[in-house]
Amino acid sequence: MSNAREEQPVNAEHEAVGTPEPCVVGVDFGTLSGRAVVVRVRDGAELGTAEHGYRHAVLDRELPDGTPLPPDWALQVPSDYIDVLRHAVPEALTAAGVRPDQVIGVGTDFTACTVLPVLADGTPLCELPGLVDRPHAYVKLWRHHAAQAQADRINALAAERKEAWLERYGGRISSEWEFAKALQLLEEDPEIYRRTERWVEAADWIVWRLCGTYVRNACTAGYKGQLQDGSYPSRAYLAALNPDFADFVTGKLEHPIGQLGDCAGRLTAEAAAWTGLPEGIAVCVGNVDAHVTAPAAGAVEPGRMVAIMGTSTCHVMSSDRHGAVPGMCGVVDGGILPGLWGYEAGQSGVGDIFGWFVRTGFPAAYAEEAAALGRDPHEHLTALAAGQRVGEHGLVALDWHSGNRSVLVDHDLSGVVVGQTLSTRPEDIYRALLEATAFGTRTIIDAFEAAGVPVAELIIAGGLTKNALLMQIYADVTRRPLGVIGSTQGPALGAAMHAAVAAGAYADIRAAADAMGRADRGVYQPDPERAAAYDRLYAEYRLLHDYFGRGANDVMHRLRRIRTEATPSS
């Protein structure tokens with residue numbers, strides 16, 4: 001379950017004279033695992049990393065006791081997060097060769113919106129006697145999309161009432177966010193809702209467990225909790241959604257806000273025993289995996305969009321211009337960097353789509369050929385697809401296998417591949433799916449530009465940066481130079497940088513980014529000929545995008561209803 005490796009030796013000169021340099025630890029809680037990195041404060045050098053997989057992974061079919069789950073559910077077990085602290089952090093320290101007393105602070109980041117119901121002392125409801133078989137007592141992962149009906153009502157009522165905060169979210173709230181998931185909880189399991197004393201982002205829960213203090217971080221509060229200009233949606237609005245929802249903010253959500261890079265508290269003795277870190281070091285306020293990555297990539301100036309590409313993609317960018325960008329996940333003043341508007345957009349499925357195709361569309365003959373060449377399935381399909389000219393496969397796809405986050409904000413949409421024939425090969429479909437995700441990113445960039453918020457450059461972070469074909473496709477499709485973050489652990493590095501600020505090593509995150517962040521600029525340049533060819537395919541993508549996504553043909557929603565009706569109830 002765990003994997004540790006040494007990244008770079010500790011500075012030998014300092015060790016020799018008996019003055020080991022201060023370090024910080026960043027812990028990135030992803031969808032399937034948590035990763036810890038030990039980072040030198042002086043220059044951001046990553047000295048050692050370790051990864052620990054979640055024992056229960058994602059619960060999308062049944063609970064640990066076998067209780068079945070309906071479609072579109074995605075839950076997790078909170079004790080899996082504690083296991084990351086117990087395993088990945090000590091192993092990263094060992095891999096780095098760093099003594100615990102060198103560590104001055106720890107920072108964390110999390111997927112979002114990943115949220116859980118807890119008691120006033122932070123105990124998750126799924127850990128209480130008699131509740132292990134209650135799905136709503138568990139963590140709802142970011143990709144839990146079963147609250148779409150509640151999100152639709154939230155949006156319709158907000159539009160009807162002309163709620164000012166709606167514009168800050170591109171006109172639509174996602175089913176992934178805090179309010180939709182909480183309303184689903186209330187309406188589907190009122191008892192669990194009543195027993196919920198705090199509705200807590202996992203990003204804040206893990207900090208709570210580290211330092212013993214609950215601090216609600218400004219990032220998730222703004223982007224996922226609809227906190228704008230110091231206020232949440234009003235009690236009257238919530239009551240209009242459901243009378244029993246009227247006190248949701250005051251009774252379960254509202255809590256003092258911690259700013260990014262602030263110190264939330266000091267590491268407790270219990271957490272010190274888990275991690276092997278010194279009791280009393282600074283614990284940074286929580287953050288979101290995508291947003292924390294921007295400073296790690298050196299994206300501290302307006303117009304530099306960072307795309308964190310993994311199972312999904314999150315696009316974050318700071319700007320000195322405020323615009324109403326349709327379909328954005330949110331725009332928050334200081335949401336990423338102080339003094340700038342922080343924008344978030346995203347695609348619900350990217351690496352997940354490629355993984356799905358490999359699981360379901362990789363024939364045995366291809367697997368044998370890949371094994372003979374020493375390639376994994378993704379490497380093999382990529383190598384075959386790389387030999388094609390743009391458009392040679394005759395396909396265009398919609399990247400909606402996990403719904404659409406931006407710009408349509410509709411998780412009841414589904415994937416499409418158009419143009420298949422009896423001659424279509426697996427590598428053709430694989431390349432079309434790669435291209436579809438690039439078209440989705442271009443759609444997001446076009447929305448920014450149309451709203452008067454310029455995007456000058458893309459910087460890519462995350463595990464998919466290793467696929468050179470995919471990176472070049474993105475450069476060609478978007479007609480923009482692509483930079484690549486100078487770290488394989490961008491979110492964990494960003495969390496560590498914020499920990500350095502919380503510990504007082506740097507005055508603010510910009511200063512930390514100047515010293516510790518890094519990216520290689522313009523690694524991939526758009527090719528004019530390929531870009532022109534992709535313009536033609538992108539035009540077809542946009543026709544399909546609007547036809548299926550904007551109401552001309554509602555077949556995806558009808559099919560989903562048919563599937564739901566045909567699925568046995570749990």
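Val407 sits in the loop between strand 18 (396-398) and strand 19 (416-418), strands being DSSP runs of E at least two residues long and helices DSSP runs of H or I at least four residues long, both numbered from the N terminus. This is a predicted model, in which local features need pLDDT of at least 70 and side-chain atom pairs count only at pLDDT 80 or more, while totals for chains, interfaces and linings use all residues. Residues are numbered from 1 along each chain as its sequence is written, and side-chain values use heavy atoms, with hydrogens and water left out.

The bond linking Ser406 to Val407 is a cis peptide bond, with omega at about 15 degrees. Val409 is buried, its relative accessible area being 3% (buried is under 20%, exposed is over 50%, and partly exposed lies in between, using a 1.4 Å probe and protein chains only).

Why pick these spots out? Because most residues other than glycine have a negative phi, and most peptide bonds are trans.

A cis bond also turns up between Ala112 and Cys113, where omega is near 5 degrees. Cys113 belongs to the loop between strand 6 (103-110) and strand 7 (115-118).

Then there's Asp229, in the loop between helix 7 (218-223) and helix 8 (235-241). Asp229 is not a glycine either, but its phi is positive, at about 55 degrees. Asp229 is exposed, with a relative accessible area of 66%, whereas Val409 is buried.
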